[in-house]
Amino acid sequence: MARFIERHPAWALIVIIAVAVLAWLVFAIWPPGLEAAIGRKRVFLNAVLNGITLGGLYFLVASGFTLIFGLMRNVNLAHGSLYLFGGYIGYAISTWTGSWILSFIVAFIAVALVGVILQLAVFRRMEGQDLRQTMVTIGLSIVFADLMLWVFGGDFYQVQTPSWLIGPVQLPLLTAIKSSGEPVYLQYPLVRLVIFLASVVIGIAMWLALNRTRIGMIVRAGVDDRDILAATGVRIQLVFVLVFALGAGLAGIAGVVGGTFQSLSPGEDTRFLLASLVVVIVGGMGSIPGAALGAVIIGLAEQLGSVYIPTYAIVVTFLIMVLVLALRPQGLLARR
Amino acid sequence: MSLLQSTQFRPDRSANATRRALLRAWPEFQNPVAWLVALILVIMPLIANGFFLIEIFATTLILGVIALSLMFLAGYGGMVSLMQLTIAGFAGYMVAVFGVSGNANISLGWPWWLATPMALALATLFGTLGGALAVRTEGIYTIMITLAIGAAFYYFTNQNWAIFNGHTGINTVATPHFLGVDWRTDIAFYYVTLGVAAICYFAVQYVSRAPFGLALQGVRDNSRRMAALGFNPNAHRIAAYAFAAFIAALGGVLQVWNYRQISPGSVSVGACIDVLIIAVVGGITRPIGPFIGALIFVLLRTFALDVLIKFGLDGNRFRLLIGLGFLAIVFWSSDGVIGLWERWRRRNTSSTQRSGGGRHG
């Protein structure tokens, strides 16, 4: 952080000002002039919170994607299919057993198994051929999409939110002060907050696992140089399988989350594939903190965009990507 | 020695040399199969009825042209761009927006000879800008960025009503009438697509052997070395994107004339990937590959339903078939159907040579 400020004082200033403005917008009571110009504060706060929680969901999808890419140089374009598959599994389990928590566990295991099979049966055979692996993942995504359409049809599904998470919760964020002087606090759905917290916990756990454990050390070494790592005697194939399973499993969990937040239908796979692509392009390929930063930026841009400039929301996302590519092609937090 | 030879052959040298140079530039002229295919394509309207002419062959040629632009980028430039269909779709939209269509509130109503060049120019510009963005990265990153551009365009057309008319798209796009001919009647349109496809095919063939194409292949193989030799790799790459964008735009104009409407469905991510499948299945080492791939794709798309039902299977599983076929090609032959064919022929010739040698020995 200190080094960043030292090296890029202008950028650091811009970032600090942006954060300060955002913090003021969130915590202060808006003067009437501002409300007249850009609408009620409640709308803005809702959009910000929706953006951040959507960012949590994007992070879950994109972190698996970026982890797999970072270690194996495999752009897994079937990642969206894994997401949707996880969602369908979660839906099936939660309607069958009625347990929301169980659906996460089963979705994680099932999708991780698919990942293991993919790595062992497909990607291991074409190691080092990036382009061919990517082509294979495209073919797989077509096959998966059609198989899922076959089994689940074109209907919309929504994973049932458990009863203890239904309903709004009052946040200590002022939206306005009534004429009687009574403060009005923001009401926000509990389930979204819980899911966001869970994704933060998962993110921190992943960061700790990568930076503080032996396995994480091996994985980081593999990201830097696979061949040398293999030469030191590490069973790299096992590490590959584990990482692929973890990445796929995260996509599965994200599917259940997405199924609770939004809905599951054919086409969601492409949407989330695109989201994770943009997130990792913005954040930096192969970097977990980059995925987190990119996810929050894209989630915020999407939600704020859809509130304030509804017809061009997708263009905002795209412009961010273009801007990042133009200024820092390797992504915001990538090392190279 | 060489001087002696050259003086010996002086009498018919110039005629021979031009002939040899021509053959070196266009090896197809020596291939009887190529002549046969060309002949069949030209007399196709005598053989095939309207359905086959438009739904199979014209569609194949159009998709082939779009996939050809991808083949040019991937085969000679080493850049797999998934936005070629997006460029084509952009050109189609521009034809509909500038030209005449059923949506009078959007279309500007320009005559076709003004709207079409405008659409081609804008689409080429669009493709060049996208390319300039994509060349900042390499290899698999290019796939991701071009896919993101394609997907962003798809969602944009879905959301934008002022220009792209949202998810309903633009309908009843007018097609050109001139010289007293309606160029959208089956036979005339078939010849238009055949002409455009042939021009694109030979243009790609020519460029691949021209200095620019050779430099581009050099950049593909070793861009650092080319840079050391004084070439500008990124300029070559962007120029390649511009050229490919123009070809894709031609395909897009033909496509909008063919269907007479355009909607976000025509530029969906699935359709972008279909173009990649066509190029890869056909083979991205030679310009003929995309057309072969397109023929296979169109035949499958048109007849898979009937065939699957005939075998007692669910006819809706056409995409499954396409996906599995694509996987099989990627698994077993990295250069598509052309690669399979060449391998098969090589094995055949080597075996006949071996048996022939045995007889003589």
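In chain A of this predicted model, consider contacts between residues at least 6 apart in sequence: 74% of them join residues at least 24 apart. For chain B, the corresponding share of contacts between residues at least 6 apart that join residues at least 24 apart is 75%.

Let me stay with chain A for a moment. Its secondary structure comprises 14 helices and 2 strands. The C-alpha trace spans about 70 × 55 × 35 Å along its principal axes. A compact globule of 336 residues would have a radius of gyration near 20 Å, and the 21 Å of chain A agrees with that. As to burial, 45% of the 336 residues of chain A count as buried.

By comparison with its position in sequence, 16 residues from A:Ile142, the C-alpha to C-alpha separation of A:Gln158 and A:Ile142 is 23 Å.

I turn now to chain B. Here there are 16 helices and 2 strands, and buried residues account for 42% of the 361 residues.

How do the two chains meet? The contact draws 31 residues from chain B and 28 residues from chain A. On the side of chain B that touches chain A, the elements giving two or more residues are α8 (140-159), α13 (269-282) and α15 (318-332) of chain B. Of these, α8(B) supplies the largest share, 11 residues. Sorted by class, that side of chain B holds 22 nonpolar, 6 polar and 3 charged residues.

Helix α7 (residues 112-134) and helix α12 (residues 233-259) of chain B pack at an angle of about 140 degrees, with 8 Å between their axes. Why is this pair described as oblique? An angle over 145 degrees would be needed for roughly antiparallel, so α7(B) is oblique to α12(B). The crossing of α7(B) past α12(B) is right-handed. Residues of α7(B) at this contact include B:Leu120, B:Phe126 and B:Gly127, and those of α12(B) include B:Arg237, B:Tyr241 and B:Phe246. By class, the contact of α7(B) with α12(B) has 15 nonpolar, 6 polar and 1 charged residues.

The other partner is α6(B). The axes of helix α6 (residues 84-98) of chain B and α12(B) come within 7 Å, crossing at roughly 50 degrees. The two helices are therefore oblique to each other. In this case too, α6(B) passes α12(B) in a right-handed crossing. Among the residues making the contact are B:Ile87, B:Phe90 and B:Val95 of α6(B), together with B:Gly251, B:Gln255 and B:Val256 of α12(B). The contact of α6(B) with α12(B) has 12 nonpolar, 6 polar and no charged residues.

Notes:
Residues are numbered from 1 along each chain as its sequence is written. Chains are lettered from A and ligands numbered from 1 in the order in which they are written. This is a predicted model: local features need pLDDT of at least 70, side-chain atom pairs count only at pLDDT 80 or more; totals for chains, interfaces and linings use all residues. Helices (H or I, at least four residues) and strands (E, at least two) are DSSP runs, numbered from the N terminus. A residue is buried if 20 or more other C-beta atoms lie within 10 Å of its own, exposed if 12 or fewer, and partly exposed in between; C-beta atoms are placed from the backbone. Two residues are in contact if their C-beta atoms, placed from the backbone, lie within 7 Å. Ala, Val, Leu, Ile, Met, Phe, Trp, Tyr, Cys and Pro count as nonpolar, Asp, Glu, Lys and Arg as charged, and the others, Gly among them, as polar. The radius of gyration is taken over C-alpha atoms; the globule rule is 2.2 Å times the number of residues to the power 0.38. Axes are lines fitted to C-alpha atoms, for helices over the stretch in contact, and angles run from 0 to 180 degrees between N-to-C directions. Angles under 35 degrees count as roughly parallel, over 145 as roughly antiparallel, 65 to 115 as roughly perpendicular and the rest as oblique. A crossing is left-handed if the near helix is turned anticlockwise from the far one by less than a right angle, and right-handed if clockwise.
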